[in-house]
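Student: Could we go through this model and check its labels against their cut-offs?

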Amino acid sequence: MFEYSVYSIMTATLITFIAGTSLTWTSPEIGYLNSTDTGVFDESLTRNDSSWINAVLSIGAALGPFIFGYLADRIGRKNTLLSLAIPFGLSSLACAFANKVPEFLIARLITGLGVGGTFTVLPMYISEMSLNEHRGVLGAAMNIYICTGLTFTYVVGNFVSKVMIFNLLLAALAAIFFILFLLLGSETPHYYVQKNKHDLAKQALLKIRDASEDEVEKELELIRIEIEKEERGSMLDIFRSKGSTKAFIIGSGLVFFQQTSGINAVLSFAQTIFEQAGSSLEPAYCSMVIGSVQFGTSFITPVVSNLLGRKVLLIFSAIGMALSESILGIYGILKDHDQDSVSNLNFLPILSMVLYIITYNVGFGPVPWVLMGELFPNSIKSSASALATAVCWITSFVITKWYPEVAATLGQGACFVGFATFSLLAGVFVQFVVLETKGKTLAEIQNDLNK
């Protein structure tokens, strides 16, 4: 029988399903907005309009961590996670009834606030609620929910051609999350100890742990020692100690390379990528295949993360991404120069993207967020997580905003060769900079960082 903490974490992680639907929203919806039959505009969107509607989410996601990271320390982890339903619900309602480009831009910006907050607060919540032996598995489970959301949009979004109906459905999902987590979620004992509410911390531990009162008292004492020896820090304190600086370099470096591997370009422009690559399969179905593969492989990391360790998964992931993107890149370059030379290889785009999604999903998809919840000391956890998450989404904005322009100028093949190069650099970064955290307590991780 699972501890109550597992049920609480699994319910909290539903918010990443909603975030996942947001990340692939443009893949089907931009096509419907451009259609004279299903669109809401008098004329087709320009390429600049489409790229801004896609990229503005990343601006919101870069700002969201600071808003919701601050709230996590002020009103608690649970209440902050509940508040994330507000931007997701409001933005979906706005998209359902919008009929002008600026209205979609504002709505997608608000969606981004929720996405950034999710990736800041949820890893914090999971790391504080989990037992050491379960932390890696439960943290990696975020990716299962995200991939379910990605696939939901690819499949349901492609078949629900009415923009209003699909976005009203997304708004309903945000409301369902709020109700479920309100009823089933629990506040973390770490937050109560930080606020000197020790009776509430004990009640929270008794609720979430399948343990005797003596065992709970021992765990509570360890939490007290861990937190009370750390003064509350500001964002500047991230760079005032060796351990905190190293943790920030690892966390922000991993999410930087996660984005420069091209993941959000692939998710946001999946149908366009397959159209330009000349895949033998209908582009809409290609995106569904990618979503299904991402969902299927999302179950791998929770199983193997505590067996193989974080670094092994990340290095394997980096090599696999580099190989798969190199294949697509070279294919694209050859196709641009001599289409006949690859006329018998039009299965390669979907094959290489399936390989990319599998290897991304095993490592660089979920593991950076697992490590983000483990690396930072409690004194700077909120501010450091917010800043590192902002690095992620600023990088994402640069890539998603200018990918269509660069692809149109240099060719899609050149773009993917560039993504492959960054994936190789990601492997080098992991080998020489990243710390292994498998099986270690949060206190042991801090000791290793400060050596």
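Tutor: Start with the largest nonpolar core: of its 100 residues, V115, L254, F364 and W393 touch the most other members. A second, separate core has 14 residues, including W25, I53, C95 and V101. This is a predicted model, so local features need pLDDT of at least 70, side-chain atom pairs count only at pLDDT 80 or more, and totals for chains, interfaces and linings use all residues. Residues are numbered from 1 along each chain as its sequence is written, and side-chain values use heavy atoms, leaving out hydrogens and water.

Student: What makes a set of residues a nonpolar core?

Tutor: Its members are buried Ala, Val, Leu, Ile, Met, Phe, Trp, Tyr and Cys residues, joined through side-chain atoms within 4.5 Å. Buried means under 20% relative accessible area, exposed over 50%, partly exposed in between (1.4 Å probe, protein chains only).

Student: Why is N196 called exposed?

Tutor: Its relative accessibility is 58%, and the cut-off for exposed is over 50%, so N196 counts as exposed. N196 is in the loop between α10 (189–194) and α11 (198–208); those helices are DSSP runs (H or I, at least four residues), numbered from the N terminus.

Student: Why are α18 and α22 called roughly antiparallel?

Tutor: The axes of α18 (residues 310–337) and α22 (residues 412–433) cross at roughly 165° and come within 7 Å. Axes are lines fitted to C-alpha atoms over the stretch in contact, with angles from 0 to 180 degrees between N-to-C directions. Angles over 145 degrees count as roughly antiparallel, so α18 and α22 get that label.

Conventions. Helix = DSSP H or I, 4+ residues; strand = E, 2+ residues; numbered from the N terminus. Parallel < 35°, antiparallel > 145°, perpendicular 65-115°, else oblique.
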